[in-house]
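Visitor: Please bring up the model, and then I will ask about it.

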Amino acid sequence: MPIWKRNLIVCWFGMFMSSIGLSQIAPVLPLYINHLGVKNPALIAQYSGFAFGATFIISAVFSPIWGSAADKYGRKLMLMRASLGMGVVIGCMGFAQNVYELIGLRLLQGVITGYGSACTALIATQTDKEHAGYALGTLSTASTAGSLIGPMIGGYLVESTGMQNVFFITGALLMLSFITTVLFVKENFTRQHKKVLPVKEIWNQVPEKSLTITLFVTFFILSFALYSIEPIITVYIAQLTKNSTHVALLAGITFSASGLASIIAAPRLGKLSDQFGVQKVIFAALIVAGIMFIPQAFVKNPWELMVLRFLLGLASAGLMPSINTLLKKITPDFLTGRVFGITMSAGYLGVFAGSSLGGQMAAYFGVSSVFFITGALLLLNAVWVYLKVYKKMSMKERPLY
């Protein structure tokens with residue numbers, strides 16, 4: 001088996017485990033904060049929002065730093081650091097005595113981040129051009145699959161084993177990722193004994209600056225779009241069902257529909273990007289995703305919403321792996337870690353902005369406005385991609401991919 005295939009299997013498992021671990025904690029946070037002695041519902045919501053969002057803000061700051069370290073010291077070392085560090089920190093959350101200790105550990109978790117970007121950089125640099133789209137598309141399904149079933153596992157563990165055990169089990173899963181990384185990931189990395197270049201000099205070495213910025217912004221907008229709906233799904237389902245007693249279940253299925261579609265479609269769209277060109281997949285996926293948001297504002301029942309969310313997942317599945325594939329192809333290997341680190345920062349900021357602003361838009365303008373605004377953002381992004389990426393690459397005699 002080629003090294004890139006074996007590493008893809010191990011990294012997929014590691015990202016799947018870490019994604020399960022991280023996603024199953026999110027719905028547990030409000031309950032755990034209440035368990036730690038905060039009884040006021042308003043304060044619980046405030047602390048939960050800060051504990052959730054602060055991790056992503058800190059991750060956005062540190063992700064490029066760890067990306068730079070990956071280029072200097074090797075991607076496998078960063079995988080080991082992130083999985084071991086997060087395993088210890090999340091396990092310690094089960095011993096928190098008050099909400100301030102919990103928030104402190106969540107901030108520390110943001111500092112230690114970097115497993116996903118290190119996996120992406122490792123697979124991107126080891127995979128040949130013919131298989132890059134397939135490999136990165138397959139890798140993207142790991143985090144999607146983990147996020148899909150993580151909240152369900154978290155809820156089950158709270159009821160069956162107790163609240164603190166969720167953190168202990170999550171820490172154990174990440175420790176398992178650490179062990180498999182140590183034993184099975186292979187990397188032939190030669191350390192570059194060079195001084196660390198300032199950001200300006202690093203940026204000067206990026207060959208396709210305009211294209212790179214466009215991809216960063218596209219990654220941010222996609223993350224924003226996917227997470228802007230998350231805070232309002234349950235509210236929207238409640239409006240559509242009126243007297244249903246299964247709102248939470250229907251909301252979970254609705255949210256999972258797009259994730260399930262992404263798991264199905266991502267490897268296939270990755271192969272299409274290898275065959276027909278990455279820029280074509282990005283442009284088409286942005287248009288379809290933007291269009292799929294708009295009719296969600298007009299649905300009459302949850303089942304119509306589920307179908308549209310599934311179709312949205314089929315389209316959005318082609319975006320993140322295609323962006324990573326194109327970045328890999330236009331970025332020199334010695335800058336790959338730093339570039340993917342910045343990409344992850346854009347994604348973290350998109351998650352934070354989307355989850356924060358989605359609820360605000362719904363409060364001020366109504367739930368339907370979130371779908372209209374998000375769809376419009378994606379369609380505007382498609383126009384920008386057409387002008388800066390698709391059209392530019394089509395006009396060149398030699399394509400960039």
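Predicted model: local features only at pLDDT ≥ 70, side-chain atom pairs only at ≥ 80, totals over all residues.

Visitor: How many helices and strands does the secondary structure of the chain come to?
Guide: Helices (H or I, at least four residues) and strands (E, at least two) are DSSP runs, numbered from the N terminus. On that basis the chain comes to zero strands and 17 helices.

Visitor: What percentage of the residues in the chain is buried?
Guide: Buried means under 20% relative accessible area, exposed over 50%, and partly exposed in between (1.4 Å probe, protein chains only). Ile90, in helix 4, is a buried residue, because its relative accessible area is 0%. Of the 401 residues in the chain, the buried share is 54%.

Visitor: Are helix 13 and helix 15 roughly parallel or roughly antiparallel?
Guide: Axes are lines fitted to C-alpha atoms, for helices over the stretch in contact, and angles run from 0 to 180 degrees between N-to-C directions. Angles under 35 degrees count as roughly parallel, over 145 as roughly antiparallel, 65 to 115 as roughly perpendicular and the rest as oblique. Helix 13 (residues 278–293) and helix 15 (residues 319–330) have axes 9 Å apart at an angle of about 150°. Helix 13 and helix 15 are therefore roughly antiparallel.

Visitor: Which residues of helix 15 make the contact with helix 13?
Guide: Contact means heavy atoms within 4.5 Å. Helix 13 contributes Val278, Val281, Ile282, Ala285 and Leu286, and helix 15 contributes Leu319, Ser322, Ile323, Thr325, Leu326 and Lys329.

Visitor: Is the crossing of helix 15 and helix 16 left-handed or right-handed?
Guide: The axes of helix 15 and helix 16 (residues 336–365) come within 10 Å and cross at roughly 150°. A crossing is left-handed if the near helix is turned anticlockwise from the far one by less than a right angle, and right-handed if clockwise. For helix 15 passing helix 16, the crossing is right-handed.

Visitor: Why is the pair of Phe95 and Phe168 tilted?
Guide: Rings of Phe, Tyr and Trp (its six-membered ring) pair if their centres lie within 6.5 Å; planes under 30 degrees apart count as stacked, over 60 as edge-to-face and the rest as tilted. The structure holds seven aromatic pairs. In the pair of Phe95 and Phe168 the centres are 4.9 Å apart, and the pair is tilted because the planes are at 45°.

Visitor: How many residues apart in sequence are the parts that Phe95 and Phe168 tie together?
Guide: Phe95 is exposed at 55% relative accessible area, and Phe168 is partly exposed at 30%. Phe95 lies in the loop between helix 4 (75–93) and helix 5 (99–112) and Phe168 in helix 8 (residues 163–184), so the parts tied together are apart in sequence by 73 residues.

Visitor: Are Tyr236 and Phe371 buried or exposed?
Guide: Tyr236 and Phe371 form a tilted aromatic pair, 5.2 Å centre to centre with 45° between the planes. Tyr236 is in helix 11 (residues 233–241) and Phe371 in helix 17 (residues 367–395), 135 residues apart. Both Tyr236 and Phe371 are buried.

Conventions:
Residues numbered from 1 in each chain as written. Heavy atoms only, no water.
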